[in-house]
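Please walk me through this model in a viewer, one selection at a time. At each stop, tell me what to select and what is there.

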Amino acid sequence: MTKGVDEPYRMFTSRAEYRILLRQDDADMRLTERSYRLGLARQDRYDRLCSKRAEVERIVDFAKTYSVKADRINDALEGLGATRLAHGCKLIDLLARPQLNIGNLAPLIPAFQEMLDQVKEPKAETLEAAEVLIKYKGYIDRERTIADKIHRLEAIRIRGKFDYEQLQSLSTEARQKLVKIDPETLAQASRIPGVSPSDINVLLVLMGR
């Protein structure tokens, strides 16, 4: 325990390390396949997941590749309270705007609407999943990169390798916390309140990483 929780029975979403990756809207995507492999989820449930995943990917791929021309969409964009386009762009760039969504853009783009009409049930759930991936792609990718980095740090053992009190390049608080907790790995050290990313980078440099 490095978080200093005095009441461990109390759980908060704010305590989750990767809140964007652990969303409730994609719990089925993250957990159904694992439960199927363990024999907990039935074949029909797994098949529905595979179908939903394929539909979501189809929507996202369409948005990435479909080009929207400025002169054909600008008046409608203005009516929706969105900034006009100076030139054409991909549909995914429009969907990323806060004023726009699949619901109000699809009627303006016949090819998009036609594709969405073919989406299988559960349609509303599938459209929501696709829209979340599109709108929050940057945040999701950034958090996944951080998670991957932390996962790699789990393999770097540091216990017994440093005399933290002598490392003046660390912040005073970091030195005190590291001496007190004496973390086993660099990943554990990174989760200690008061130990900043720059402190972790100092330890990485000292280890020649």
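The model is predicted.

**Stop 1: a helix pair**

Select α2, residues 43-65, together with α6, residues 110-117. Their axes lie 11 Å apart, and the packing angle is about 170°. Angles over 145 degrees count as roughly antiparallel, and α2 and α6 are therefore roughly antiparallel to each other. Now show the side chains in the contact: Arg-58, Ile-59 and Phe-62 on the α2 side, and Ala-111, Phe-112, Met-115 and Leu-116 on the α6 side. Sorted by class, this contact of α2 with α6 has six nonpolar residues, one charged residue and no polar ones.

**Stop 2: the loop between α6 and α7**

Move on to Val-119, which sits in the loop between α6 and α7. Is Val-119 buried or exposed? Its relative accessible area is 7%, and the cut-off for buried is under 20%, so Val-119 counts as buried. Leaving aside residues up to four places away in sequence, Val-119 touches Glu-55, Arg-58, Ile-59 and Thr-126. Arg-58 and Ile-59 also take part in the contact of α2 with α6. For a distance check, pick the C-alpha atoms of Val-119 and Lys-52: they are 9.0 Å apart in space, while the two residues are 67 apart in sequence.

Stay in this loop and select Pro-122, which also lies between α6 and α7. The peptide bond that leads from Glu-121 into Pro-122 is cis, with omega near 0°.

**Stop 3: the largest pocket**

Next, display the largest pocket, which holds about 760 Å³ of space. Its lining has 26 residues, and those closest to the centre are Asp-26, Met-29, Arg-30, Leu-133 and Arg-144. Colour the lining by class to find 13 nonpolar and 13 charged residues, with no polar ones.

Which helices each supply at least two residues of the lining? They are α1 (27-37), α2, α7 (123-135) and α8 (137-153). With six residues, α2 gives the most to this lining.

**Stop 4: the loop between α9 and α10**

Finish at Asp-182, in the loop between α9 (172-181) and α10 (186-190). Check the backbone here: phi of Asp-182 is near 50°, a positive value in a residue other than glycine. With a relative accessible area of 28%, Asp-182 is partly exposed.

Notes:
Residues are numbered from 1 along each chain as its sequence is written. This is a predicted model: local features need pLDDT of at least 70, side-chain atom pairs count only at pLDDT 80 or more; totals for chains, interfaces and linings use all residues. Side-chain values use heavy atoms; hydrogens and water are left out. Axes are lines fitted to C-alpha atoms, for helices over the stretch in contact, and angles run from 0 to 180 degrees between N-to-C directions. Helices (H or I, at least four residues) and strands (E, at least two) are DSSP runs, numbered from the N terminus. Angles under 35 degrees count as roughly parallel, over 145 as roughly antiparallel, 65 to 115 as roughly perpendicular and the rest as oblique. Contact means heavy atoms within 4.5 Å. Ala, Val, Leu, Ile, Met, Phe, Trp, Tyr, Cys and Pro count as nonpolar, Asp, Glu, Lys and Arg as charged, and the others, Gly among them, as polar. On a 1 Å grid over the protein atoms alone, a cavity is a set of points where a 1.4 Å probe fits but cannot get out, and a pocket is an open set with protein on both sides within 12 Å along at least five of seven lines; lining residues have an atom within 4 Å of a point. Grid points are joined across faces, edges and corners, and a volume is the space filled by probe spheres set on the points. Buried means under 20% relative accessible area, exposed over 50%, partly exposed in between (1.4 Å probe, protein chains only).
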